[in-house]
Amino acid sequence: MLSMVSISAFAINKEPVDSLQLSIERALKEQQLGEIVVNGNVPIYKLTHEGVRINVSGTFLSQAGTADDVIRHIPGMYKVDNDKYNLFGNGEPVFYIDGRLVKDNAELSQLKSQDIAAITLITNPGAKYDASVVAVVQIKTVRRQGEGLSMDEKLVLKQSCNTGIDEQFNLNYRHKGVDVFGMFRFMKETNYDKSELNQVSDAGTLWQLKEKTNNTFDIHTIRANAGLNYVIDADNSLGVRYAWTHFPHKDERVNFSSAVMKDGQPYDNTQNTGRFEYYDKPTQELSAYYSGKVAGWSMDFNASWWHNNRSNDGFYQETNDEHSDRTLTIGSKSKSTLWATKLVLAHPLMGGNLSFGAEYTNTKREQVSTNPEGYIKSSNTTQRNYTVAPFVEYTHPLSFGSVSAGVRYEHNHDDYYDNGVLQNNESRTYNHFFPHLSLQTKMGQVSGTLSYGVSISRPSYRDLSKAVFYINQFTLQTGNCYLKPAIENTLQAQVIWKRWTAKVRYSNTRDAIFYWMEPLQDNPAVSVMSRSNYHSLKAVNASVSYAPNVGLWHPQLMVLLYKQWMTLQTTDAVQRMNKPMCLLQSANTFKFSKSLSAEMTLMLISKGNENNVEKDNVTLHANASITKTFLNDCLSIRLAGYDLFYSQKRAVLRSEKVVLTNQNKRDSRYVELTLRYTYNQAKSKYKGTGAGAAERQRFS
């Protein structure tokens, strides 16, 4: 039942000699060795014209475990839920591995940290990225040599209140310039989500709903992919990749009890049990690429096709003390298809580098929701979209650094159909320019960047849909077909000195998108959750981090502050949602020997405001792990514990006439045992970057 997930989701992310680093980069580029042994302190952070590069190879981070564990060391980065990440103050980033877009973040837990050369965090992406991308994490791996068959087997056993298993097998065969690769993964997990809701609606009559909810999710997942890559020569390669995802079992059970008051007097008590059964067909994706050089021009071409088909049936049985009992049957079906292409050309020009290209996406989403009993409105909608986005970017070195400038133009057209009939009022066409400017400089041991950019946040297809989702007898959720995209202007400054890093980011978001609740016009006792726009949301994000080395202890300390300016007119009074939020993060690595290491990460998030949500409690997250490797790192065993203090989230969503308080507790505290064996490791050389990534995220 996606609607309940959405309610929970609103709650709330002395420098060594340069020659040492150059020698490491040269060794990586020439692919001389599978492992580089470095004597001395390699700088962890380095500023580039795009963002902050975090060196992994030759540092303690190479023994962190996986890419998933290394990413936890990025200042302000934290895991929201399962495989989703949030960069505090920015939002959800996208990930690339060797230029290839990561479509499934679960892949990050499969890449060994010792196979990572460096990670670059880009918090103000340039024109070549989709304008809706708020942050990019570029992962560059160590290039492995060797031919023949290589295998990688990983088994993860997870124990929380329930037992889970995650097993993955990777296979790669390389002969000369040809790579044939494949992956198979099976996951079984059972999770729960408990919430206590307090909903107050003032629409002439004062309605108050107190509810306790317990959701249980049981999911089996199979993921597989296969592909072929051909390296023609040192400058040219091409390949094709097919990915397949299936949920052979997906079940959700819901139990909640509600107490309803009307003008301060008891109105009714409700007991509700529900079950959702999912019948999703496999999600398929086919992508192809060419990367090469022709007559001095660099060329990257990518094409992608993606399709999924989902359906579920929901059953609710409601028992009321004062009013009639009722049974609800809810059906939902959706079908989504995406076609996308992207071409990037680059050539040296006047001592710098000029790159330009275009991206095209074409999508279609069909959604049908039904309720035979007629308690909620049935719908049948189709949304069609195409986007054309040319862009150009130029980078030029300066005596004191470099400068980069670019612009992206996006023509976006949406057609909205209701029961097969085109709705002109709901259909939209947008034309936007997204400029980007970045200046990078270095003076002695101090390096810094100053950048300006414009980005866009488009509503998801679910946010635009007229489909109505049932949460409980007094709460519904739907989309808003009149929702506008949000445009964000950002000015950012970043400085690195020795082992210190500091950043200040100012943003002004026009038509910011956030959750909104209001009474149903025909029945004010029922509140409807949707999305709405706020005219202008201004915010400042500032952070300072320090990463020293103290013997075998490698700490990373960070303080981050987020402050916004927002005013809401409610029934009671004017609400100023201006309370700052503070994040304190301490990531500690202990390197006892080449084969034994441990980690302890602490993160504290204070109370404060984000959009029209007030985070109403202080949360403390703690993770710890210990890793031991054998057989020259071919075999590894890792024991880890997550959310050791079992953090709970309490948040208040404020709207004009409705206030919703949610205290949420998830099955987030667990221990995990990971066994991994690698034979003759050689990663695929597939270099496709993918196309239409941001558009695909709108299908969520």
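Thr 475 lies in strand 25, which covers residues 475–478; helices (H or I, at least four residues) and strands (E, at least two) are DSSP runs numbered from the N terminus. The model is predicted, so local features need pLDDT of at least 70 and side-chain atom pairs count only at pLDDT 80 or more, while totals for chains, interfaces and linings use all residues. Residues are numbered from 1 along each chain as its sequence is written, and side-chain values use heavy atoms, with hydrogens and water left out.

**Confidence**

- Mean pLDDT (the predictor's confidence in each residue, from 0 to 100) is 86 for the protein, and 90% of its residues reach 70 or more.
- Residues 1–40 have pLDDT below 50, and this stretch has 94 contacts in the model beyond near neighbours in sequence; contact means heavy atoms within 4.5 Å.
- Where pLDDT is low, the predicted coordinates should not be read in detail.

**Thr 475**

- Thr 475 has a relative accessible area of 1% and is therefore buried; buried means under 20%, exposed over 50%, and partly exposed in between (1.4 Å probe, protein chains only).
- Leaving out residues up to four places away in sequence, Thr 475 touches Gln 199, Leu 209, Tyr 470, Met 517, Val 526 and Ser 527.
- With one of these, Gln 199, the side chain of Thr 475 makes a side-chain polar contact of 2.9 Å.
- A polar contact is a pair of N or O atoms within 3.5 Å; within protein, one must be able to donate a hydrogen and the other to accept it, and residues adjacent in sequence count only if both atoms are side-chain atoms.
- Met 187 is 288 residues from Thr 475 in sequence, and the C-alpha to C-alpha separation is 33 Å.

**Ser 195**

- Ser 195 belongs to strand 11 (residues 178–203) and is buried, at 6% relative accessible area.
- The side chains of Ser 195 and Asn 664 are joined by a polar contact of 3.0 Å.

**Cysteines**

- The structure has zero disulfides, a disulfide being a pair of cysteine sulfur atoms within 2.5 Å.
- Cys 161 is exposed, with a relative accessible area of 55%, whereas Cys 634 is partly exposed at 28%.

- Six strands form an open sheet of mixed pairing in the order 1-2-7-8-5-6; two strands pair if DSSP finds at least two bridges between them.
- Strand 1 (45–47) and strand 6 (100–101) are the edge strands, each pairing on one side only.
- Strand 1 runs antiparallel to strand 2 (residues 52–55), with three bridges between them.
- Lys 46 is placed opposite Arg 53 of strand 2.
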